[in-house]
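This note sets out some points on side-chain contacts for a colleague new to the structure. Please read it alongside the sequence and the model shown here.

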Amino acid sequence: MGFDASWLTLREPADARARNDDVFEQALRHGSPGSSVLDLGCGTGATARAFAAQGASDIDWRLLDNDALLLTHASARHPNATTHEGDLADIDALPLEDVHLVTASALLDLVSQDWLMRLANRLSRAGTPFYAVLSYDGRMRWTPADPDDAAVTQAFNAHQCGDKGFGPALGPAAGDTAARIFRDHGFEVTVGQSPWRLGPRDAALHEALLTGIAGAATQAGCDGAEAWLERRRSDMVQLSGEIGHVDLLAVPQGRS
């Protein structure tokens, strides 16, 4: 699994708009001043910036990623944070000592059910809440519509279930699966929708997103994906899109 810093920068404004306010408000209670928060797959540190934008300062951020270059970006923007380069698949090695909250953004749709079960088990034993946002839920809708929208979406969703480094990925099932697993481990779970809503101001993101979707759909066997992409590009001036995501907060019983 790996992402380019330019892609993470491109998507950050859309991510910020999409976060579910109700779930975020509850998560912020566990990121109070003086608390330690571990961010899994931190990228350039967008989650830390999202908390800071809501006034959640003086947090001891522990930023974990398997990409040294992304950690360099994160450290430059958050010099007071502690960065950890490590294997996200190694649940037992996660630095959870004295951590009050674990966070993740756009990660759960990339991991496997086994990974989630192992994470839930470890967090249950530690009594640590988990806040995971922007898990893709399989829904894509554009205006104006195109006859191949459904076929491209279906192929893209199939591609999302391939191995991303953690075993067979949950893809669009991530939100529902995570909610079930954490409830089964005794957590109180809150889920909220957090769709990207893209319009003219998001032209660069929209272009990169459509290109990525078409490429993945083609790899999954959708022969019409490239023609679909060209039609979508020709619609770009008037194109709007909604990409479904889910936010989740799982809190051990008695900690809410």
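**Charged and aromatic side chains**

1. The side chains of Arg-118 and Asp-114 are joined by a salt bridge, at 3.0 Å from N to O. A salt bridge here is a side-chain nitrogen of Lys or Arg within 4 Å of a carboxyl oxygen of Asp or Glu. The two residues are four apart in helix α5 (residues 113–126), about one turn of the helix; helices (H or I, at least four residues) and strands (E, at least two) are DSSP runs, numbered from the N terminus. Arg-118 is partly exposed at 33% relative accessible area, and Asp-114 is partly exposed at 47%. Buried means under 20% relative accessible area, exposed over 50%, and partly exposed in between (1.4 Å probe, protein chains only).

2. The model is predicted: local features need pLDDT of at least 70, side-chain atom pairs count only at pLDDT 80 or more, and totals for chains, interfaces and linings use all residues. Residues are numbered from 1 along each chain as its sequence is written, and side-chain values use heavy atoms, with hydrogens and water left out.

3. Across the whole structure, a search finds 15 salt bridges. One of them joins the side chains of Arg-11 and Asp-15, at 2.8 Å from N to O. These residues are four apart in helix α1 (residues 5–18), a separation of about one helical turn. Arg-11 is buried, with a relative accessible area of 10%, and Asp-15 is buried, with a value of 10%.

4. Arg-232 forms a salt bridge with Asp-235, with 3.4 Å between the closest N and O atoms. Arg-232 is buried at 0% relative accessibility, and Asp-235 is buried at 17%. Elsewhere, a network of salt bridges links Arg-141, Arg-197 and Glu-242.

5. How many aromatic pairs does the count give? The count comes to ten, where rings of Phe, Tyr and Trp (its six-membered ring) pair if their centres lie within 6.5 Å; planes under 30 degrees apart are stacked, over 60 edge-to-face, and the rest tilted. Tyr-136 and Phe-156 have ring centres 5.7 Å apart and planes at 75 degrees, so this pair is edge-to-face. Tyr-136 lies in strand β5 (residues 130–143) and Phe-156 in helix α6 (residues 149–160), so the pair ties together parts 20 residues apart in sequence. Tyr-136 is buried at 6% relative accessibility, as is Phe-156 at 12%.

6. Phe-24, Phe-51, Trp-61 and Tyr-131 form one aromatic cluster.
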